[in-house]
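Please look over the sequence and the structure, then read the points below.

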Amino acid sequence: MSEHAVESSKPHPATSGWVLVAYASAAGSTAGIAERIARGIGRTGHAVACEPADRADLVGVEALVLGSAVHDMAWLPSASDLLRRTAVAGIPVWCFSVGAVQPRGPLTRLMARLEAQRVAAGFPPGVLVRDHQVFRGVVRLRGVPWWGRLVYRAMSGRPGDHRDWAAVDRWAARVAAELAQEGRPHQNSD
Ligand SMILES: Cc1cc2nc3c(=O)[nH]c(=O)nc-3n(C[C@H](O)[C@H](O)[C@H](O)COP(=O)(O)O)c2cc1C
């Protein structure tokens with residue numbers, strides 16, 4: 001599985017108390033959401049960097065926003081590994097999952113709820129999870145077995161880019177506000 005990377009500029013190593021937005025993405029849609037969240041948080045004055053979970057260095061990181069594509073109702077291994085490392089370091093984490101389920105009717109709402117619970121149940125013990133948000137990503141049916149397509153279409157799912165940027169921006173703003181409340185230092189505060 002190839003994990004996607006997006007460009008990011010890391011705060012200077014001397015900067016303490018910065019926010020890391022990290023992600024695990026197999027096909028790129030989670031990476032795009034992570035970049036958008038990083039930009040949203042950065043606009044509020046926090047020192048922020050965005051990078052793939054498998055390259056993340058937690059030195060100087062005071063808060064982590066961590067997202068993963070959902071495969072088989074679980075996070076990708078690099079995101080789970082980083083989450084485990086934050087538990088050891090005692091860093092608070094805001095989590096987001098990117099999947100395919102569109103909660104439209106009662107059945108799909110139930111499925112989305114169960115999937116979110118199942119994903120969160122896979123988080124290691126001791127992690128300081130502040131929130132867990134689920135977004136929809138990009139759904140590609142090419143390469144999916146016929147029965148998988150059938151199940152997805154039966155749930156009124158369509159292939160394509162289902163990322164809801166307004167919802168992503170709202171969540172980023174909420175996380176930034178919570179970070180400010182927790183007293184995380186701002187890049188441009190004196
Ligand atoms: C092998 C595979 C398994 C998947 N399993 C799930 C799943 O269990 N639940 C779900 O909601 N989406 C599932 N998806 C859909 C992806 O989570 C979704 O397409 C997401 O946007 C992929 O993110 P990425 O583009 O960052 O890799 C699966 C996709 C693949 C390729």
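Leaving aside its neighbours within four places in sequence, which residues is proline 103 in contact with? The contacts of proline 103 are Thr108, Arg109 and Ala112. The model is a predicted one, and the points below go from the whole chain to single residues.

**The chain as a whole**

- The protein chain holds five helices and eight strands.
- Read from the N terminus, these elements follow the order β-α-β-β-β-α-β-α-β-β-α-β-α.
- Of the 190 residues in the protein chain, 33% are buried.
- Among contacts in the protein chain with a separation of 6 or more, 78% join residues 24 or more positions apart.

**The nonpolar core**

- In soluble globular proteins, nonpolar side chains tend to be buried together.
- In this model the largest nonpolar core has 44 residues, and those with the most contacts inside it are Val19, Val21, Ala22, Ile37, Ile41 and Leu66.
- At least two residues of this core come from each of these strands: S1 (18-24), S2 (48-52), S3 (61-71), S5 (92-99) and S6 (128-136).
- Helices H1 (29-43), H2 (77-89) and H5 (165-181) also supply at least two core residues each.
- S1 gives the largest share of this core, seven residues.
- Isoleucine 37 touches Val21, Val65, Val168 and Ala172, when residues up to four places away in sequence are not counted.

**The shell around the ligand**

- There are 19 residues around the ligand, and Ser25, Thr30, Ala69, Gly99 and Gly137 come nearest.
- H1, S3, S5 and strand S7 (138-139) are the elements that give two or more residues to this shell.
- The largest share of the shell, three residues, comes from S3.
- By type, the shell around the ligand has ten nonpolar, seven polar and two charged residues.

**Helix H1**

- H1 has 15 residues, and its first and last C-alpha atoms are 22 Å apart, close to the 21 Å expected at 1.5 Å a residue.
- The buried residues in H1 are Ser29, Thr30, Ala31, Gly32, Ile33, Ala34, Ile37, Ala38, Gly40 and Ile41.

**Helix H5**

- H5 has 17 residues, which at 1.5 Å a residue should span 24 Å; this agrees with the 24 Å between its end C-alpha atoms.
- Val168, Trp171, Ala172, Val175, Ala176 and Leu179 are the buried residues of H5.
- Seen down the axis of H5, these buried residues fall within an arc of 140°, so they line one face of the helix.
- An α-helix has 3.6 residues a turn, so residues three or four places apart point the same way.
- The buried residues of H5 pack against S1, H1, S3, S5 and S6.
- Ala166, Ala177 and Gln181, on the other side of H5, are exposed.

**The loop between S3 and S4**

- Aspartate 72 is found in the loop between S3 and strand S4 (74-75), and methionine 73 lies in that loop as well.
- Aspartate 72 has a phi near 50°, a positive value in a residue other than glycine.
- Methionine 73 also has a positive phi, of about 60°, although it is not a glycine.
- Aspartate 72 counts as exposed because it has 5 C-beta neighbours inside 10 Å.
- Methionine 73 has 16 other C-beta atoms within 10 Å and is therefore partly exposed.

- Proline 103 sits in the loop between S5 and helix H3 (106-121).
- With 17 C-beta neighbours inside 10 Å, proline 103 counts as partly exposed.
- Proline 103 and arginine 113 are ten residues apart in sequence, and their C-alpha atoms are 8.6 Å apart in space.
- Serine 80 has its place in helix H2.
- Serine 80 is partly exposed because 17 other C-beta atoms lie within 10 Å.
- Serine 80 is in contact with Trp75 and Gly122, leaving aside its neighbours within four places in sequence.
- Along the chain, serine 80 and glycine 67 are 13 residues apart, and 9.7 Å separates their C-alpha atoms.

Technical notes. Residues numbered from 1 in each chain as written. Predicted model: local features only at pLDDT ≥ 70, side-chain atom pairs only at ≥ 80, totals over all residues. Core = buried A, V, L, I, M, F, W, Y, C linked by C-beta atoms within 7 Å. Buried ≥ 20, exposed ≤ 12 C-beta atoms within 10 Å, placed from the backbone. Helix = DSSP H or I, 4+ residues; strand = E, 2+ residues; numbered from the N terminus. Contact = placed C-beta atoms within 7 Å. Near = placed C-beta within 6 Å. Nonpolar A, V, L, I, M, F, W, Y, C, P; charged D, E, K, R; others polar. Expected span 1.5 Å × (residues − 1). Arc of directions from axis to C-beta.
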